[in-house]
Amino acid sequence: MARSGSTTEAGVAQSIGLTLRGVRHGYESRDGDRSLVLDGLDITVEPGEFVSVVGPSGCGKTTLLKALQGLSRPWEGEVLVGGQPAWKVAPGRVATVFQSDCLLPWRRIWRNVVYGAEMAQRRSHRGRKADVQTLLEQVGLGESADQFPSQLSGGMRQRVNLARALYVEPSVMLMDEPFAALDGQTQEIMQAELLRIWALHERTVVFVTHRLDEAIYLSDRVVILTQRPTRVHSVVDVPFDRPRPLDIKRTPAFNELLDDVWGRLREAAGSPAGIAR
Amino acid sequence: MLVLTGLMVAWHLVTTSMNDPMFPTPERVWQSFTRTWNDGSLMEAFRDSNSALLTGLALGVPGGIVLGMLSGYFRIVDRILAPYVNMMLVVPMVALVPILIIVFGLGTSARVAVIVLFVLPDVLVNTRGGVRLTDRQLLMMARSYGGSTLGVFRTLLLPTAFPSVMTGLRIGIGRGITGMIVVELTLVASGMGGFIMEALGRFRAGHMIVMILLIGLEAVVLTTLCVLAERRVLRRMGA
């Protein structure tokens, strides 16, 4: 696939959208039993949009992410990334930030940042420290290039995880509960940081989370999934302007929206079990 | 150092009091050493054995690492190899020596083959165990970035398995030396083992002890080198 043209002078890759059309997907156990997880999902994500996905526990968010990564082909329906089937999309155009930071403990921070590009064989194959420095400064780790992951706190390691995804200049970023393992205070800081960094890069983001306030604070739209077999329950627009200070979480409008989404989620789950507010 | 001095003194006292040529004093052993050193027979045996050992290690160690990595990663390879590996670990390799001699003859290739068979299983098993320690989350991450199997092996499996590989290497070298001496003592009378057999035939106990000490020294030096190399690499990897 031609890479030239998708990157501007500023190094900002053009965003592309995502489309899921009637996606039915699940997994096969070792004895060949098929269990259906996604039962006809229709989701559209516009280029440059930040969309969160929330749903009851075990509603198949991981299955959804795998399909979006192109790691598995859906049984039925289409997963399109910029109009192309996800499993055909070149590695690195879709980058994932996982819940655990997934850093290689034996690599210095800057070498961890280039790891994704190395695997995707994007950018200069090896990557130089100087290339990484700007990005590390953006995520607030300008001083840490030569440190090892064990020397960083959980929040800082998650920043490295994010930088690694950004370094491949993806058109789409998938984030799988990236802050779930952090303490509450760090979570809030990281949410604000993510928005700040996102504003610099303007990528299409699909953000999976269990936390409704996180979903609302970050997103343009929140997709609410039902219990398995999973469908889209509803989609909520988040009307707040950007940039968004963390304080908006304390406003009545925010809490109204939170209550609304909470109610929908309860409806989607059938019972309130397994939902963290 | 204290232990060594104590041993030397005890040895001296015991052997002097016995005054039996088959139990030589340290002084007699030293004479044996200078004589065999000066006439070159000691070093000739050393070189002879070690060229076989090095060839055997050069084949057995990479072979063990590659097979170990494959069987740690691919379930099917593991299924195929497991019975043979288990057999090789349990059956005394010494029992195979006569068969190998029949197949390869009494030359260098037989000795090399024995050493390979002694070295490979330990390196393989340790490497496999090390590969198995690889974090599944890291594997998933590498895959999601489009990492190829070769790339994953190089950047994830090998570094994870490295300490285990080195343990395997250390044990393997020890086993390799054992294999080397075993063949030379039993069937192919050459090298260091042959040197011992010849000394035995001529009732030169001093010569035998010199060679045994040399073998011990070699084992210590080689395994120490392994440990140092491992530490160095681990420090470079920042672990």
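In strand β2 of chain A, the bridge partner of Val23(A) is Leu41(A). Strand β1 (residues 18-28) of chain A and β2(A) pair in the antiparallel sense, over 9 bridges. Here strands are DSSP runs of E with at least two residues, helices are DSSP runs of H or I with at least four residues, and both are numbered from the N terminus. Two strands count as paired if DSSP finds at least two bridges between them. This is a predicted model, in which local features need pLDDT of at least 70 and side-chain atom pairs count only at pLDDT 80 or more, while totals for chains, interfaces and linings use all residues. Residues are numbered from 1 along each chain as its sequence is written, and chains are lettered from A and ligands numbered from 1 in the order in which they are written.

**The antiparallel sheet of chain A**

Stay with β1(A) and β2(A) for a moment. Arg24(A) stands opposite Asp39(A) in β2(A). The hairpin of β1(A) and β2(A) has 5 residues between the strands, and Gly32(A) in this hairpin takes a positive phi near 90°. On β4(A), β1(A) finds another antiparallel partner, joined by 5 bridges, and there Thr19(A) stands opposite Leu80(A).

Put together, these strands belong to an open sheet of 4 strands with the order β2-β1-β4-β5 in chain A and antiparallel pairing. Since β2 (34-45) and β5 (84-85) of chain A stand at the edges with a single partner strand each, one side of each is left without a neighbour in the sheet. Helix α1(A) packs on this sheet and touches β1, β2 and β4 (76-81) of chain A, its direction making about 120° with that of β1(A). For such angles, axes are lines fitted to C-alpha atoms (for helices over the stretch in contact), and the angle between N-to-C directions runs from 0 to 180 degrees.

**The mixed sheet of chain A**

Chain A also holds an open sheet of 6 strands, in the order β6-β7-β8-β3-β9-β10 and with mixed pairing. Its edges are β6 (94-97) and β10 (232-237) of chain A, each with a single partner strand, so one side of each is left without a neighbour in the sheet. Direction ignored, neighbouring strands of this sheet are turned by 20° against each other on average.

| Strand pair | Sense | Bridges |
|---|---|---|
| β6(A) and β7(A) | parallel | 4 bridges |
| β7(A) and β8(A) | parallel | 5 bridges |
| β3(A) and β8(A) | parallel | 4 bridges |

Which residue of β8(A) is the bridge partner of Met173(A)? It is Val205(A). The chain crosses from β7(A) through helix α6 (residues 184-201) of chain A to β8(A) in a right-handed β-α-β crossover; right-handed means that, with the strands pointing away from the viewer, the path from the first strand over the helix to the second runs clockwise. Val205(A) is also the bridge partner of Phe50(A).

How many residues of β7(A) are buried? For strand β7 (residues 172-176) of chain A the count is 5 of the 5, so the strand is largely enclosed by the rest of the structure. A residue is buried if 20 or more other C-beta atoms lie within 10 Å of its own, exposed if 12 or fewer, and partly exposed in between, with C-beta atoms placed from the backbone. Both faces of β7(A) are covered, with Val172(A), Leu174(A) and Asp176(A) on one side and Met173(A) and Met175(A) on the other.

Chain B has 10 helices and 0 strands. Of its 239 residues, 37% count as buried. The C-alpha atoms of chain B fill a box of roughly 75 × 45 × 30 Å, taken along the principal axes.

Between the chains, 14 residues of chain B are in contact with 18 residues of chain A, contact meaning that the C-beta atoms of two residues, placed from the backbone, lie within 7 Å. The elements giving two or more residues to this side of chain B are α7 (136-144) and α8 (149-186) of chain B, and α7(B) gives the most, with 6 residues.

In α7(B), the buried residues are Leu138(B), Met141(B), Ala142(B) and Ser144(B). Down the helix axis they fall within an arc of 165°, so they line one face of the helix; the arc is that of the directions from the helix axis to the C-beta atoms. Their cover includes α1 (61-69), β6 and α3 (115-120) of chain A together with α8 of chain B. Just after α7(B), Gly146(B) takes a positive phi of about 90°.
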